[in-house]
Amino acid sequence: MRPTPRSLLAATALLGTVLSAPSPARAAEVPGAGTYYVQSATTGLNASDGGGAVVQHNPKGNEDHQQWTLRASGSSYLLESVDTAGSCLGRAGEQARTVACTSADAAWEVTPAGADQYTLKVPGADRYLAVGAKPSGSNYPAQLVVGPAGSLAAWYLTPVSPVTTPMPSEDQRTLDQVTFLTAHNAYANGVDGGFAPPFVNLVPNQTRGINQQLADGVRGFMLDIHQTPDGAILCHNSCTLVSRPVALWVDLQRMVDFLKQHPDQVVTVFLEDYVDPGVLRGELARVSGLSDVLYRPDRTGVRQNGWPKLADMVAAGHRLLIFTDHSRSSDESAGLTRDSFGVMYQREWTVENYWSMGSGVGSSDWSCYSRWYDAGTNIPLTRTEPGFRPLFVMNHFRDVTITSTATTDNTKLADRAQRFCRPAARKKPNFLAVDRYDLGDPASAVRTLNTYTYP
């Protein structure tokens, strides 16, 4: 029977109510009320209250007006500054500003945009909180804007106090769930040989040789290699005037021998690489048994399926990863890529924060942002791919290794990792790289991080 006009009107009204109300499933996709970092999916930097202007700053925990309390306000949402009650992330014209939370310019429609990202839209207008367009030859501008939809308007709402889960059992945990103690400039120890000209040689980054580092539980090794007529040599800045320099193959042989003696262990090497690919290939060919233990993520489906279980790496015997910071493009120009002989390009497989916390004495910078964020490169710490999360290398050291400073810094390693760098990368650090790992017990930070996972 055809509906009467009155029944048709009622049915239309009911349908309009259903269509206009947010569905339970969609509402559930918006984060619950809580304190968040508003983090650009493009740059990995955080929205910060810069004296009324809202600007993107290097992630710095709770020290730089970067925390915002999200709460519903009718059909919209507010983001109130944790530091200034009644002041919210809002807008004035085309600029992002802090405004009174009672202002209409403080309201945002928060909408899921896939991959754990969101848009913050001006109610009733096709305008969004966004990073400004990148001028040629420079970084993205600090001032945030109100602009069109697109990748510059994609944001993470990263919780200040995230939910974590207990670490899986040893037979189930994957490589990207585990944290390893890592020695910055592991070769610069003054025990195995010289590493710099005489004056610099007096300030080693480490004071124990590679074999002792392995015995002490170090599982990540940062090594600088330079090209000489003798091959790839471990030196700091230059090999000129270095007495008793050590060849790369010698230290790699120590690691391979250790792995053969300890079949349940995994070791990772990071090369600051200043040699030609052919020279490096020849150096690796001198390492006896290297091919038996070398792990090749490019040949085991890591990009499609994620990182393997450590137990599977152990079962296969492939437990040594080698990364280079060298450029793939320059190697392609030279006609030989390093990954053709098992050395992975680090920027394709890892993210890494900027290496320096400041000079060896005085003030320090605990902010945590990408080492590869500059006018020509943009690889945010938050980078992910479908099915694949890059490993996170967390640097925690100064320009110069001063014993008292390294001791103090290393006691604060777990705090910086969890409050500063973990939210900055939206992942737990996999490699904690320090100077003087024998001071301040950085191994305790490794143990703490290895009690949980951060999804």
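Mentor: Let's start with a term: a disulfide is a pair of cysteine sulfur atoms within 2.5 Å. Before we use it, note that this is a predicted model, where local features need pLDDT of at least 70, side-chain atom pairs count only at pLDDT 80 or more, and totals for chains, interfaces and linings use all residues. Residues are numbered from 1 along each chain as its sequence is written, and side-chain values use heavy atoms, with hydrogens and water left out.

Trainee: OK, how many disulfides does the count come to?

Mentor: Three, by that rule. One of them pairs C235 with C239, with the sulfur atoms 2.1 Å apart. The torsion about its S-S bond is about 105°, so the C235 and C239 disulfide is right-handed.

Trainee: Is C235 buried or exposed?

Mentor: Buried, with a relative accessible area of 0%. Buried means under 20% relative accessible area, exposed means over 50%, and partly exposed is in between (1.4 Å probe, protein chains only).

Trainee: And what does C88 join to?

Mentor: C88 is joined to C101 by a disulfide, S to S 2.1 Å. C88 lies in strand β6 (residues 87-92) and C101 in the loop between β7 (95-100) and β8 (109-114), so the pair ties together parts that are 13 residues apart in sequence. Helices (H or I, at least four residues) and strands (E, at least two) are DSSP runs, numbered from the N terminus.

Trainee: Which cysteine does C368 pair with?

Mentor: C421, and their sulfur atoms are 2.0 Å apart. That pair links distant parts of the chain: C368 sits in the loop between β21 (350-352) and β22 (391-396), while C421 is in helix α12, 53 residues apart. Both C368 and C421 are buried.

Trainee: Let's look at α12, then. Where does it bend?

Mentor: At R419, by about 30°, and a proline, P423, follows within four residues. The bend at a residue is the angle between axes fitted to the seven residues ending there and the seven starting there.

Trainee: What does α12 span between its end C-alpha atoms?

Mentor: Only 16 Å for residues 413-425, whereas a straight helix of 13 residues would span 18 Å at 1.5 Å a residue. The expected span is 1.5 Å times one less than the number of residues.

Trainee: Why is α12 largely enclosed by the rest of the structure?

Mentor: Because 10 of its 13 residues are buried. Among them are L413, A417, F420 and C421.

Trainee: What follows α12?

Mentor: R426, whose phi is positive, near 60°. R426 is buried, with a relative accessible area of 14%.

Trainee: Which side chain does R426 meet in a salt bridge?

Mentor: D116, at 2.2 Å, N to O. D116 is in the loop between β8 and β9 and R426 in the loop between α12 and β23 (431-434), 310 residues apart. A salt bridge is a side-chain nitrogen of Lys or Arg within 4 Å of a carboxyl oxygen of Asp or Glu.

Trainee: How many salt bridges does the structure hold?

Mentor: 20. Another one is R127 with E94, where the closest N and O atoms are 2.3 Å apart. R127 is partly exposed, with a relative accessible area of 28%, and E94 is partly exposed too, at 43%.
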